[in-house]
Structures are given as C-alpha cells and as structure tokens.
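I opened this entry to look at nonpolar packing and aromatic rings. My notes follow the order in which I looked things up.

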Amino acid sequence: MFCFLLSTLPQVYEAYRNGKVEEAMSFGFLLFLFSGDLSSLIGCILTSQLPIQIVTVVFYIFTDLMLISQFLYYKIKNNSSKKRPMLKWLCFLWCGASTVALLILPKFITDNNTSANTESASNSVEISGYACGYVASIFYLSSRFPQLYKNFKRQSTEGTSYMLFALAMMGNGTYGLSVIVVLPALAGSKQTFILKHLAWLIGSLGVLLLDFFVTAQFIIYRKNRSAKTSKKMNVPEVEPLLCEEEELSTF
C-alpha cells in the first residue's frame, strides 16, 4: 500500500518539471487507469474489502485526477496559438464532475448496502461488487497498452517517470505475494478466500507482467538515446576547418 500511495507522485513532479506531458503520456493510459480505480472503489465498498484498500483507491483516484488535469492543462498551454476555449472548460467540468462523483458515490453505495436487509439483496450487491472488481482488472490491464504503443511510436520514454511503473510493480508484486503467503495460516476455506480476492489478483499480477515490458522499453530507449548523444559528441568539426581553408586560399 505504501508503494501504491507513492507511485504516481514522481510522474506528477516529472510532468511539472518537463511541461510536455501530452507528448510523453498516453491519454488512454490515464483514462483507463482512472476508470479502473473508480471501478475498484465501487467493488471494494460492495464486497467489504479492507479499509486500507479503500483508502488507497480513494487516494489513487485523486492522483489520477491530478495527472489528467496536468495532461489537459499542458495540452492547452502548449497549443495556446490555437485557441480552444471549449477544451479548457471541458477540463474544469471533468475535474469538477469527477470530484463530486467521488464524494457522493461512496455514501450512496454505503446507504444502499445498509438498506439491503434480505439475504438475496445482500448477495446481489456482493455479486455486483465482484463484477466491478473484474471490470477494474480489465481497465487496469488495458491501461498499459496505449502507453506501450505511445513509447514504441516515439521510440522514447522521455517525459515519463520510471518510478511510476517501478513502484506500481513493487506494490502489485507485494500485494499478490501477501495473498499467497497468508493462505497456509487461514482457518477457513482457502478457495473462498482466493475467489474473494481473485479479481484484484488478476489485475495486480497482470499489470505486473505488462510493466516488465514497459521496463524493457525504458532500458532499450535509454540505450538508443545515449548512443545518439555519443554520436553527436564524436562528430568532428569539419565545417569550420573547411571555411578556414577557403579563406586562406583566397589570400
């Protein structure tokens, strides 16, 4: 949970420092990430997951809003020559609507959950929660593909912070490991425990696997960038010498 809480902050700083986040980050990556966190929040509340898990998802949603707001802000700022007032208003409306929905949704879900007195109603609510968990896993897995394609298209990872993916890998790896390690000490049904956490395990371990491909892109494109810079440094200064020879010949 500590890794999850810190994972998006390096990217927020990198976007602020670079100022060209719209060139580096894929908007599809951010949109899928936000959709996955929102679905995960609904699923966590409906299935009564651990409170620390709910708090982490809420924090993640706020950081997602920060990343999306940065993306839209720098897109507007860097394209200031093209006047797009509608895009600016859409940015404000997006942040406002998302914040309001984030504040209202948990209370709405909790009220519906407590008002469901019958066993069949509570079962249907729990099934809906697990369905949201699987939807969140699909969003999480889908989020990496737009960023992988963006990096491949640019042949670069400049403008993105590797700590975003490294901390996410550590968080997903330790979360999956914690579920596996606790199995021998369980007194109840191990199969029921796995099924209860299966949706979030699929999302965590699947994203962990895809983040290895992102790591490979960081390594490959960093080598390409260092090779290009070394070539530029090793280029001999031919033009000034030729100019000097021509000046001497004229004398």
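I counted rings of Phe, Tyr and Trp (its six-membered ring) as a pair if their centres lie within 6.5 Å. The model is predicted.

**Aromatic rings.** I found 7 aromatic pairs in the structure. I looked up Phe-4 and Tyr-60: their ring centres are 6.1 Å apart and the planes stand at 80 degrees, so this pair is edge-to-face. Phe-4 belongs to helix 1 and Tyr-60 to helix 5, so the pair ties together parts 56 residues apart in sequence. Phe-4 is buried at 13% relative accessible area. Tyr-60 is buried too, at 12%.

Next I took Phe-27 and Phe-71. Their centres lie 5.2 Å apart with planes at 35 degrees, so I noted the pair as tilted. It links helix 4, with Phe-27, to helix 5, with Phe-71. Phe-27 is partly exposed at 32%, whereas Phe-71 is buried at 6%.

I also noted one aromatic cluster, formed by Phe-29, Tyr-162, Phe-165 and Phe-218.

**Core.** Which residues touch the most other members of the largest nonpolar core? I listed Met-25, Phe-29, Leu-30, Phe-165 and Trp-200, out of 33 residues. Helix 5 gives the largest share, 8 residues. Beyond its neighbours within four places in sequence, Trp-200 contacts several residues, including Ser-40, Cys-44, Gln-53, Tyr-130 and Tyr-175.

**Surface.** I then turned to a nonpolar patch on the surface. Phe-2, Leu-6, Leu-9 and Phe-59 make it up, with about 360 Å² of accessible area together. Phe-2 sits in helix 1. Is Phe-2 buried or exposed? I noted it as exposed, because its relative accessibility is 61% and the cut-off is over 50%.

Technical notes
Residues numbered from 1 in each chain as written. Predicted model: local features only at pLDDT ≥ 70, side-chain atom pairs only at ≥ 80, totals over all residues. Heavy atoms only, no water. Core = buried A, V, L, I, M, F, W, Y, C linked by side-chain atoms within 4.5 Å. Buried < 20%, exposed > 50% of the residue type's maximum accessible area, 1.4 Å probe, protein only. Helix = DSSP H or I, 4+ residues; strand = E, 2+ residues; numbered from the N terminus. Contact = heavy atoms within 4.5 Å. Patch = residues over 30% accessible without salt bridge, like charges linked within 9 Å, V, L, I, M, F, W, Y side chains within 5 Å. Areas by Shrake-Rupley, 256 points an atom, 1.4 Å probe, with all protein chains shown as cover. Salt bridge = Lys/Arg side-chain N within 4 Å of Asp/Glu carboxyl O. Phe/Tyr/Trp six-rings, centres within 6.5 Å; stacked < 30°, edge-to-face > 60°.
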